[in-house]
Amino acid sequence: MAAVAGHEDTRTRLLATALRLFTAHGVEGTSLQMIADELGVTKAAVYYHFKTKDEITEAVVEPGLRELESIVGEAARERRPGARIDHMLAGFVDLVVRHRALVALFSSDPGVARALEKHFFGKESCMVGMMTILSGPDPDPARVVATHAAVAGIALAGGSPDLAHYDDDTLRESLLEVGRKLLGRPRRRA
């Protein structure tokens, strides 16, 4: 049991280190040797957990994608369309705020984009589910554009280094308000 815990601890540390280095140098600018050096282990120890940098990148983004899939599923189970939209929007904003560094990579790094492509943009992807919930049934072009602007804007702003000085609550509240405006949702009562 202790060996499994040590294995998981090393894997967890490896992924946290990879995220830190990806944020500083980009996926392409981070080598497996850099990750090993930062961890104080051999490159072989990194290969024990992951065979390629793409595998590491996928593992770094995977928890956020699982969380987004869960939010999409929860939102889809809401009975009223407005409740589905509100749940999806609030869940997405919360995810963006809690994972700012990862979100910044989503929007700016081609290595992360490759890792996301199969999860995010396939026919049955969580992105399709999220966009369907936020757009509603049979959306007109303006609604589709507003939905894309809301999702992309929330992600870009949430991961922006220019907004890093805002605390989580302030950023969350502001992103939610902007998203509600773009999606034509009524203001929340205090």
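The buried residues of helix α5 pack against α4 (53-76), α6 (100-108), α8 (126-135), α9 (141-158) and α10. Here, buried means under 20% relative accessible area with a 1.4 Å probe, protein chains only, and contact means heavy atoms within 4.5 Å. This is a predicted model, in which local features need pLDDT of at least 70 and side-chain atom pairs count only at pLDDT 80 or more, while totals for chains, interfaces and linings use all residues. Residues are numbered from 1 along each chain as its sequence is written, and side-chain values use heavy atoms, leaving out hydrogens and water.

**Helix α5 itself**
- With 18 residues, α5 reaches 26 Å from its first C-alpha to its last, close to the 26 Å expected at 1.5 Å a residue, counting one less than its number of residues.
- Among the buried residues of α5 are Ile85, Met88, Leu89, Phe92 and Val96.

**How α5 meets α10**
- The axes of α5 (residues 81-98) and α10 (residues 168-182) come within 9 Å and cross at roughly 145 degrees; axes are lines fitted to C-alpha atoms over the stretch in contact, and angles run from 0 to 180 degrees between N-to-C directions.
- Residues making this contact include Leu89, Val93 and Val97 of α5, and Leu171, Leu175 and Gly179 of α10.

**The whole chain**
- The chain has 10 helices and zero strands, where helices are DSSP runs (H or I) of at least four residues and strands (E) of at least two.
- Of its 190 residues, 39% count as buried.

Notes
Buried < 20%, exposed > 50% of the residue type's maximum accessible area, 1.4 Å probe, protein only.
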